[in-house]
Amino acid sequence: MDISFDKVRGHFGFGCMRLPGGGAESADAEFCAMIDAFLDAGFNYFDTAHGYLDGNSEKALKRCLTSRYPRERYSLTDKLTTGYFHCEADIRPFFESQLEACGVSYFDFYLMHAQSAARFEEFKRCRAYETAFALKEEGKIRHVGISFHDRPEVLDQILTEYPQIEVVQIQFNYMDYEDPVVLSRRVYEVCRKHGKPVIVMEPVKGGRLVELPKDAQAALDTLQPEGARPSNASYALRFAAGFEGMFMVLSGMGSTAMMEDNLRTMTDFQPLSARELEAIEGVRRAFYGKNLIPCTACRYCTAGCPMQIPIPDLFACFNSKQAFDGRRGRLQLHRVRPVRGHLSPASAGAQTAENRRGGIRMSRGTVLLYNLRETEKRMGIKLCLFRLGISCRDVPPEDFGHPLGYLLEQPGFVPAAAEESFDDEMMVLYDLPSALFSSLLDALRAARVPVALKAVGARPGCRWPSRPWSRSTTLPGPPPASTGSWPRSTRP
């Protein structure tokens, strides 16, 4: 397919999911100034969706962009999002309402939003793609594309069934490039296979690649003397923009300072050097060692949460605790504003105390990991555990002789002498409720991260060191006196 986007200027786009003041009219002066600077720098691509900022993103663009500039000065992208239509007949009225909200008569790009295997089937049932192609024929859309959040084989299916798709928007940054869940590299490769230009979202991973933990920051600090050092965000933008086929790199800029920094990077764009890529790899290794939750704060989850729990804010608290220090995480937690249906930290503590008085089981278990040397497999397992709320710990070989209770930080257990190690990969799943155990096995199978041995532990086995656990799938108590050892388990 010969795809040309002549109207678009530059390869840097203004993502409007995060705006000054959340898109409120009170912040229009700053947003107008940012738009002016963006256009004056030679860029003109703007990206929005109806659900961004609770509908305020489209309205802010109308007030600050489309009512102030002629139509030929900018390229505007909007999206068709599930939840705003339920059948084919709903799509056109919704589309027209988006045109009105943005103050335009057509969209330069219109994307089928957040496509996944399930959403793709829903869009097909409602003939969403066919409707978008018809709107293109009518001149109300210039280019039809998709934004995508799923496995590469799903993207391959979509692009095979609908080769008319002109552009694909994917999550792509140096942390997600080899991530076993996001799979940015493999998704990107599917785009290249089908010859589709790529729009990058979340190049700075929702801001997580701006303020780095000390050990991650140290990897970048080796590159330049302090006075001449580029921003952390600039390294992330340059990583994403440096790949072939990257038509557009979006940045959600919530302030003038962010805008100015991004413009300095992208106006005179230079790909990362080999030395800089090596430093980026050091940042990635440092992050992987901290067991962080891979949240970009897109807030799609809060929009669908019936209790309106501020999930990204709570994840941010956890990540701050893991990446920096516990005090910082606690301070951040107390700044999280309670909303309808959400417990404040004080009431959450009271609820926890009430649960304990009532005897409610709060444990979600712990998993110990042994000899998982492959980074991709280890991170895939940890992501599955985090998503299920299960704590985990890597056990180094020098700790194999300690009782399991000591490794689990249970009271009354002390370290023991070193014991002969073993080379098998192993997971010890301790104190997991049965339903959660089944969910974990399903998640591991879906993520394709098999482990040779899995041992299921109970409290009586806590006094035993690690090696006996590699010989049996279940340890109800001490080994039989007649044999003094555990029978070797059958490997799944």
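**Helix packing and burial in a predicted chain**

Q: How many helices and strands are there in the chain?
A: This predicted model has 18 helices and 13 strands in the chain.

Q: What share of the residues is buried?
A: Of the 492 residues in the chain, 49% are buried.

Q: And the surface, how much of that belongs to carbon and sulfur atoms?
A: Carbon and sulfur atoms account for 53% of an accessible surface of about 22,700 Å².

Q: What about contacts between residues at least 6 apart in sequence: what percentage join residues at least 24 apart?
A: That figure is 73%.

Q: Switching to helix packing. At what angle do α8 and α11 pack?
A: Helix α8 (residues 214-221) packs against helix α11 (residues 274-288) at about 175°, and their axes are 8 Å apart. The angle is over 145 degrees, so the two helices count as roughly antiparallel.

Q: Which residues make the contact?
A: From α8, D215, A216, A219 and L220; from α11, A279, I280, G282, V283, A286 and F287.

Q: How do those divide into nonpolar, polar and charged?
A: Eight are nonpolar, one is polar and one is charged.

Q: Now α16. How many residues does it have, and what is its reach?
A: Helix α16 (residues 375-387) has 13 residues, and its first and last C-alpha atoms are 18 Å apart, close to the expected 18 Å.

Q: Which residues of α16 are buried?
A: The buried residues of α16 are K377, R378, M379, G380, I381, K382, L383, C384 and L385.

Q: What follows α16, and is its phi positive or negative?
A: G389 follows α16, and its phi is positive, near 75°.

Note on methods. Residues are numbered from 1 along each chain as its sequence is written. This is a predicted model: local features need pLDDT of at least 70, side-chain atom pairs count only at pLDDT 80 or more; totals for chains, interfaces and linings use all residues. Side-chain values use heavy atoms; hydrogens and water are left out. Helices (H or I, at least four residues) and strands (E, at least two) are DSSP runs, numbered from the N terminus. Buried means under 20% relative accessible area, exposed over 50%, partly exposed in between (1.4 Å probe, protein chains only). Contact means heavy atoms within 4.5 Å. Accessible areas come from the Shrake-Rupley method with a 1.4 Å probe; for residues, only the protein chains shown count as cover. Axes are lines fitted to C-alpha atoms, for helices over the stretch in contact, and angles run from 0 to 180 degrees between N-to-C directions. Angles under 35 degrees count as roughly parallel, over 145 as roughly antiparallel, 65 to 115 as roughly perpendicular and the rest as oblique. Ala, Val, Leu, Ile, Met, Phe, Trp, Tyr, Cys and Pro count as nonpolar, Asp, Glu, Lys and Arg as charged, and the others, Gly among them, as polar. The expected span of a helix is 1.5 Å times one less than its number of residues.
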